[in-house]
Amino acid sequence: FANLKDSFSQVCRHIFGALDDEGFRQLCGLIPNFSRIFPLLDTASNQDKDGGGMSSMDKVGSAKKRLRSLFGVLVKSICSAGCPVLMVFDDLQWSESFVMEVITEFALNSNHDPSRVSDKTCRRGLMIVGTYRNNELQEDSDIFRSIQFMKESRKANVTMLNIGELTTVDIIQLISTKLRLPWRYTKELAGLVKKKTRGNPFFVVQFLKSIIQNKILSFSVKSHRWVWDNDVVDMQMITDGVAELLASTFSQLPPKTMQAVKIASCLGSQVEESTINALNSRNELLSFNMQNAMQLAVREGIMETAGPVYQFTHDIVQQTIYELIPSDNRANLHKTIGMNLFKSGATKNNPTIHLLAMDQINIFCKEGGNHCPEERGQFAKNNVVAAKYAIAASSFEQARSYIDIGMQLLQTKHWEKDYLLSLDIFEMSASISCINGDISNMSMCLDEILSHARTFDDSLKASSLLVKLLASLSRFDEARSNCLVILSNLGEVFPFNVSLPVVLQELSVTQPKLRNITWDQIKSLPPMVNVDKLNVMKFLNMLCMYSIISKPLLLPLLSCRMVELTMKYGFCADSIVGLTTAAYSIFMFTEDIQLAFTIGKVCETLVNESPMKHVLKSRLCNELYATLKMLSEPWHSVHGHCIDLYNSAIMAGDTVNASICYWTYCAGGFFTGVLDIPSVSNHLAMCIKEVAKYQQNTILYSTMGLVQCCRHLSGRNITDVDVKTYDELDEIGEKTGNAFLAWQNFNCRVSGHCWMREYMSVAELSEKYSEKYPSSHQKRILQVLCSFFEGIAFFNLARDTKKAKWRILGERAVIRMKQFELMMLKCNLENKCRLLEAELHYLDGDLESAETAYKASIESAQKNRFINEEALAYELYGIFCVENDKVNRGFEMLQYALGKYKQWGAIKKANELQLFIELIDPGYLNKLKLI
């Protein structure tokens with residue numbers, strides 16, 4: 001028992017560590033008995049509740065990703081106990097296609113998904129069993145396609161077991177065992193049973209039960225064994241199915257039991273005691289105790305119990321009893337059941353019974369039942385509540401169906417007759433469409449709301465969704481303008497255009513306020529309760545995210561105002577975003593790097609201790625984790641955080657930031673050399689497919705730029721996705737005003753050209769970019785890499801062309817790199833700075849200092865595991881040696897570089913380097929008497 005308790009506690013810790021409160025509630029919604037199985041989780045989840053004001057669910061296309069993540073968390077957590085786990089999915093032929101998608105994705109991608117890169121044991125000791133009836137499926141069904149796909153992938157061991165009909169021998173053995181008679185006695189009876197039932201196991205059991213009930217098969221006291229008349233058995237007519245047999249059997253039930261099981265059949269394959277008690281409570285539907293009647297149904301073998309749940313012994317039993325209800329009375333019976341559940345009061349604060357009641361009434365609605373106006377309005381309101389419950393349980397398709405029926409129940413001129421209900425339904429429809437990634441329906445609903453909203457407050461929800469819609473379509477200028485207009489109406493006015501002096505002035509006022517800020521000070525603030533200010537914080541949060549992409553100069557003004565509102569009106573979850581963004585702005589626009597670092601550490605603690613940690617982690621992926629943590633941690637370890645951030649984004653239902661985390665994982669893996677280029681390319685292909693579904697064009701196009709860089713170095717094309725050219729991406733960035741895309745594209749182009757020694761292309765791009773996007777004195781982490789690659793290119797051009805301008809530009813790059821080196825952890829930039837210094841010493845003719853710096857760069861790159869930059873350092877050092885009459889040494893260094901490039905996966909680069917090595921091979925040169 002102690003071991004079992006420890007295992008359960010371990011599972012609880014894993015699940016609660018991976019989920020926030022919202023995720024736990026959704027997992028309990030998906031598995032109603034979950035908190036009963038793991039009671040420790042239920043206790044933990046009720047601690048530290050915090051409102052916060054941030055919503056994690058209104059994210060474009062978040063539905064399916066969140067469900068996949070919840071499934072993965074559940075399976076991995078259960079497996080964490082160290083015991084083999086068996087998961088059974090029964091009757092898959094009736095499941096939604098999404099179920100097979102989740103199972104297949106988990107089986108195939110558990111070692112390839114970025115959310116599971118660090119988890120190599122998630123499938124250890126796990127067996128998944130799925131059952132289905134192949135006679136109820138088409139050849140092109142989702143189940144058959146998924147099974148075939150898993151077989152062909154060879155990433156999962158798939159075994160097929162075909163459970164066929166019972167043979168005559170099987171039936172002989174069954175009957176002989178039960179009747180305790182030799183085979184020779186039961187052979188003829190078994191043959192008749194086989195003929196009547198066609199070997200269907202359920203039919204066999206039901207047929208034997210029927211002939212026992214009808215005394216055709218009975219125990220003879222005189223003969224001391226079971227006896228029967230084969231001729232009478234042969235007269236039983238069920239060859240066309242078992243329905244007639246079951247119907248005749250059920251007709252012999254007591255009337256009260258028959259009525260009870262008919263009601264149960266309307267509720268589905270199973271019904272809980274709480275539902276039965278609710279129906280019993282008012283005695284309007286039944287004049288007797290349904291609980292007693294259900295117990296009799298159990299004794300008759302019609303129902304079976306599992307704890308507080310009654311379940312039909314077979315779906316055919318439920319279907320047969322349901323069909324015994326006259327067809328013209330079924331819809332009305334469903335309505336009556338639903339209405340009684342509502343009248344019982346059991347639906348209040350009980351999502352399960354509310355949804356069940358609504359399902360019953362909606363069957364009546366779908367059948368075209370007549371409603372009075374009062375009923376239409378009430379049913380529409382109840383559908384809205386049902387949709388909210390369904391969303392809370394991550395049942396987004398179910399929520400969609402409730403809202404659709406609610407819309408159908410609205411009266412003509414409903415905006416005039418029932419304004420609040422119409423507003424609620426269309427807001428819910430827009431939210432669900434946003435979650436499901438249905439951009440078209442979302443846009444339609446928002447237009448409807450905004451054209452009928454009577455007050456500014458009534459339009460706020462729709463306005464926030466519209467901003468998210470515009471941003472998902474890369475219409476950032478419109479999204480930003482909408483936010484600024486809304487904030488103006490809320491009393492917060494910001495300029496559309498901002499100058500650098502204004503930014504620096506604002507930051508100079510805010511910096512002293514944050515100089516000695518601590519975690520205790522922030523947590524001691526009262527909660528923010530002013531609704532208007534909470535709305536202001538919500539829109540400032542959104543505006544900060546979009547300003548990073550298209551209007552970085554606006555960011556300091558927004559974040560400083562969020563800090564000011566927090567200090568004046570209290571703390572909310574958006575306050576953490578404001579503080580983090582203020583730290584990010586201080587780093588970007590001032591020299592007070594230590595302050596930015598200190599505030600970042602405070603914010604990281606606030607995030608980790610927040611009940612909304614997954615929402616906040618995903619939201620602050622760029623500002624906190626991909627920027628501020630870069631100041632103080634090795635880049636390799638920061639790259640490792642991307643996996644956790646991706647998981648957090650998925651748990652928060654935030655597909656936008658999940659895509660950003662995924663892209664950051666790929667880009668970080670590429671530029672640090674943690675991932676080889678083929679792995680990066682494969683991840684980028686997956687990322688492109690994912691973001692394309694939800695039209696997340698900003699990440700889509702940034703991903704394409706990195707794909708082009710990988711292709712440039714490896715020579716490998718990704719054939720299953722369409723990728724735009726660098727020039728097309730530049731044009732898109734310019735048209736959409738997306739400075740983020742333009743910068744990423746420039747960075748990818750410069751790095752690729754530098755590694756391929758296409759130095760003039762680097763210089764031309766640098767000049768072109770500086771003219772189009774003049775510096776606003778911002779500091780970005782990726783600017784470090786650009787300065788590094790530009791410096792390498794400029795020094796090589798200076799040596800090749802003898803032009804002074806390239807030396808000047810190269811020296812500027814060295815100065816920038818040294819400034820960055822003072823700001824950041826030494827191990828991240830040491831190898832880069834030493835390599836630039838080596839190139840400068842070489843240009844100056846100081847060969848001894850150059851050689852020392854080359855060796856220092858190689859040693860630092862090795863120590864800090866920058867394999868790509870180690871290859872570059874070996875290559876440049878090798879060329880230096882060759883050009884200074886040290887051919888043998890140079891040849892050795894170039895061979896090292898060649899091996900590192902191949903290890904990194906830069907095959908095209910390696911091939912070109914191989915050609916150069918062959919030209920300077922000492923053996924070949926000796927033959928030519930050149931050395």
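Predicted model: local features only at pLDDT ≥ 70, side-chain atom pairs only at ≥ 80, totals over all residues.
**Helix H8 and its two sides**

- The buried residues of H8 are Ile171, Ile172, Ile175, Ser176 and Leu179, and because they cover an arc of only 125° around the axis, they are placed on the same side of the helix.
- Thr177 and Lys178, by contrast, are exposed and are found on the other side of H8.

**Salt bridges**

- Side chains of opposite charge can pair when their charged atoms come close.
- A search of the whole structure finds 32 salt bridges, among them the one in which the side chains of Asp234 and Lys195 meet at 2.9 Å, taken from N to O.
- Asp234 belongs to helix H11 (residues 230–234) and Lys195 to helix H9 (residues 183–197), so this pair ties together parts that are 39 residues apart in sequence.
- Arg475 and Glu478 form a salt bridge through their side chains, with an N to O distance of 2.9 Å; Arg475 is partly exposed at 37% relative accessibility, and Glu478 is partly exposed with a relative accessible area of 36%.
- The side chains of Glu837 and Arg834 likewise meet in a salt bridge of 2.9 Å, N to O, and because these residues are three apart in helix H43 (residues 826–844), they are separated by about one helical turn.
- Both partners of that pair fall under the 20% limit that defines a buried residue, since Glu837 has a relative accessible area of 18% and Arg834 has a relative accessibility of 16%.
- Beyond these pairs, a network of salt bridges links Glu492, Lys533, Arg561 and Glu564.

**Cysteines**

- How many disulfides does a search of the whole structure find? The search finds zero.
- Cys666 is accordingly in no disulfide, and the nearest cysteine sulfur, which belongs to Cys687, is 5.7 Å away, whereas a disulfide would need the two sulfur atoms to be within 2.5 Å.
- Cys666 is buried, with a relative accessible area of 0%, and Cys445 is buried with a relative accessible area of 0% as well.

**Positive phi angles in loops**

- Most residues other than glycine have a negative phi, which gives the background for the two residues that follow.
- Lys215 is not a glycine, yet it has a positive phi of about 65°; its place is in the loop between helix H10 (201–213) and strand E3 (217–220), where Lys215 counts as exposed at 66% relative accessibility.
- His224, which is not a glycine either, has a positive phi of about 60°; this residue lies in the loop between E3 and strand E4 (225–228), and His224 counts as exposed at 63% relative accessibility.

**A nonpolar surface patch**

- Which residues make the nonpolar surface patch of about 320 Å²? The patch is made by Leu86, Val88 and Met127.
- Leu86 has its place in strand E1 (residues 85–89), and with a relative accessible area of 54% it is classed as exposed.

**A contact between separate parts of the chain**

- Ser431 lies in helix H22 (residues 419–436), and at 6% relative accessibility this residue counts as buried.
- The C-alpha atom of Ser431 is separated by 8.8 Å from that of Ala462, although the two residues are 31 residues apart along the chain.

Methods: Residues numbered from 1 in each chain as written. Heavy atoms only, no water. Patch = residues over 30% accessible without salt bridge, like charges linked within 9 Å, V, L, I, M, F, W, Y side chains within 5 Å. Areas by Shrake-Rupley, 256 points an atom, 1.4 Å probe, with all protein chains shown as cover. Salt bridge = Lys/Arg side-chain N within 4 Å of Asp/Glu carboxyl O. Helix = DSSP H or I, 4+ residues; strand = E, 2+ residues; numbered from the N terminus. Buried < 20%, exposed > 50% of the residue type's maximum accessible area, 1.4 Å probe, protein only. Arc of directions from axis to C-beta.
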